[in-house]
Amino acid sequence: MLVKKFEREWTEQNLWKSILLFFVNFLILALIIAGFLFGNELGNFANHMREYGSGYLYALFCLMMLIVVMYLYYFFEDRDMLATGKNITLLFMVLDLYFVLAWVIGTYIDIFARPVALVALLMYVLIGRRSAIFMNIISALLVFVIDTFAGGMSADNAYYSSLLISFSAGMMAIFLCGYAKTRFRVVSVGVFIVIPMDIAIFLLEISTLLDGSAGGLSAWQSIFLHMGYGLFGGVMSTVIFLALLPVFEVVFNCLTVYRLRELTGSDAKILKKMKEEAPGTYNHSRMVAQLAEACAAAIGENVDQARAAAMYHDVGKLHYPEHFTENQGEYNLHDELTPELSADIIRSHAKDGYTLIKANHLPDFLADIAIQHHGTMPIRYFYAKALKMTDAELNIEDFSYMGPKPQTKLAAIIMIADASEAAVRAVDARKPEQAEKAIRAVIEERMDLEQFSECDITMSDLTKIRHALVYTLTGVYHHRIKYPNIKYKRTEGGTKGENV
């Protein structure tokens, strides 16, 4: 269903706009490359072009082919990347930075000292594994083309070895990065990717000894020197990655696993405020986060995004925290209000949450889920209260959330987990069968009211979500034994207890 919807939205105007943006970014990349290649040859440009012109033309053709392949890949495999100029600029910005670093380090330090895994790491964290694998290939070929053809096709074995090293190191970084749960543990990835790099460098350099063209101490010094450069390149890949990642997160508002974990920490600005001003809502959100994580894992959704969405789904209650049950004491402020006004205050928290998240420049998906997590559900309590107070016919939409309905599986998970936590706690359902009955009622009610009609969640997903909620909630609200009431007293002979 989502594919069909996307195909309708992709128009000819989108196509030409994305092609134009790709071309503009390609020109910027080409100008950067030309600046490095011709920077020292401007005074002798004509002679230089006569000698190496064919090599430069071939390099330009190869570069254009790589960019065309890059566009076609995203057009057929991940068209969302072409939907906005921000995404296209992100792709080329990573390539631009990598080329500049690779050229400077390769020219002034050593070809093996380049941060060969930088593109792979940035793409993996900012976009995803599939894009990281593809862009790692593109970046390796890009630098290889410039190295070999721009100088008049005078490549040596080091350039071919550099191609293999760039590719293998980037791939290893991609597969290892998933195990690095914090920013600084990524540095260990740099150490591991050095292994294939230094093996390749050693095998390349040892050939100078085997073919008899060189030998002695100087040859071994050269081998270990280049292996040291390989170590430098591997570690610097992760160091530069850590330095650039926050910049990309802010400039492109990228949602990374590291940023998500920072946003859900107890010292996050909005969560800290919620803990102080609406402690009941904060504790409820933490419980929903635990449930959402279990549900997301059960149906293969992003667990970190589910946790973050749950922690922020009710931040709109900060506007009127005392009007929500979990933050009240014995006195209920709604006793003094009309049902219509109470319903307005309660349902406004969805829109208020959206506005607050946007105002704090947090990821868009948090704002979207905040406004969608109640869909268009009626606020049953105040609708029933209004029915008792009048004989007139009431419009139920005046007592319902304003929507929109959940647009993603993640929004549906938060909707179900939020309502299920409240329902199970309300009926004090400690046994699995009691919890399942309450959760099933929550899901069926939302299905009857077509709350999932605008997202691609399936019956199989809903079944898995229900099982995950039952297991998690019965674990949290399990039955506890009643402890005997014993009062302890300290005596001269020791401690003595007696029933009270």
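Two residues are said to be in contact, or to pack against each other, when heavy atoms of one lie within 4.5 Å of heavy atoms of the other. Please bear in mind throughout that this is a predicted model.

**The whole chain**

Begin with everything displayed as a cartoon, where the secondary structure comes to 19 helices and 2 strands. Of the 500 residues of the protein, 46% count as buried, and a residue is called buried when its relative accessible area is under 20%. Among the contacts between residues at least 6 apart in sequence, 73% join residues at least 24 apart.

**The largest nonpolar core**

Next, select M70, Y74, M135 and F241, which touch the most other members of the largest nonpolar core, a set of 77 residues. The elements that give two or more residues to this core are α2 (12-38), α3 (45-77), α4 (85-108), α5 (118-126), α6 (129-149), α7 (157-177), α8 (186-210) and α9 (216-251), and α3 gives the most, with 11 residues. Now centre the view on M135 and, leaving aside its neighbours within four places in sequence, look for its contacts with M70, Y74, L91, L95, V119 and M123. Apart from this core lies another one, of 62 residues, and you can find it by selecting M274, A308, V315 and F382, which are among its members.

**A glutamate in α9**

Is E249 buried or exposed? Select E249, which is found in helix α9, and note that it counts as buried because its relative accessibility is 4%, below the 20% cut-off. Not counting residues up to four places away in sequence, E249 touches R183, C254, T256 and R259.

**Helix α15 and its surroundings**

Move on to α15, which is mostly covered, as 7 of its 9 residues are buried. Colour those buried residues, F365, L366, A367, I369, A370, I371 and Q372, and then display the helices that they pack against, which are α10 (257-263), α13 (303-312), α14 (339-359) and α17.

Keep α15 (residues 364-372) and α17 (residues 409-426) on the screen, and turn the view until you can follow both axes, which come within 9 Å and cross at roughly 45°. That angle makes α15 oblique to α17, and α15 passes α17 in a right-handed crossing. The contact is made by F365, I369 and Q372 of α15 together with L410, A411, I414 and M415 of α17, and by class it has 6 nonpolar residues, 1 polar residue and no charged residues.

Stay with Q372, which is found in α15 and is buried, with a relative accessible area of 7%. Not counting residues up to four places away in sequence, Q372 touches P404, K405, P406, Q407, T408, A411 and M415.

**A last stop in α12**

Finally, select L291, found in helix α12 (residues 279-299), which counts as buried at 0% relative accessibility. How far apart in space are L291 and T472, C-alpha to C-alpha? The two residues are 181 residues apart in sequence, and their C-alpha atoms are 6.6 Å apart in space. Not counting residues up to four places away in sequence, L291 touches A417, E421, L469, T472 and L473.

Key:
Residues are numbered from 1 along each chain as its sequence is written. This is a predicted model: local features need pLDDT of at least 70, side-chain atom pairs count only at pLDDT 80 or more; totals for chains, interfaces and linings use all residues. Side-chain values use heavy atoms; hydrogens and water are left out. A nonpolar core is a set of buried Ala, Val, Leu, Ile, Met, Phe, Trp, Tyr and Cys residues joined through side-chain atoms within 4.5 Å. Buried means under 20% relative accessible area, exposed over 50%, partly exposed in between (1.4 Å probe, protein chains only). Helices (H or I, at least four residues) and strands (E, at least two) are DSSP runs, numbered from the N terminus. Axes are lines fitted to C-alpha atoms, for helices over the stretch in contact, and angles run from 0 to 180 degrees between N-to-C directions. Angles under 35 degrees count as roughly parallel, over 145 as roughly antiparallel, 65 to 115 as roughly perpendicular and the rest as oblique. A crossing is left-handed if the near helix is turned anticlockwise from the far one by less than a right angle, and right-handed if clockwise. Ala, Val, Leu, Ile, Met, Phe, Trp, Tyr, Cys and Pro count as nonpolar, Asp, Glu, Lys and Arg as charged, and the others, Gly among them, as polar.
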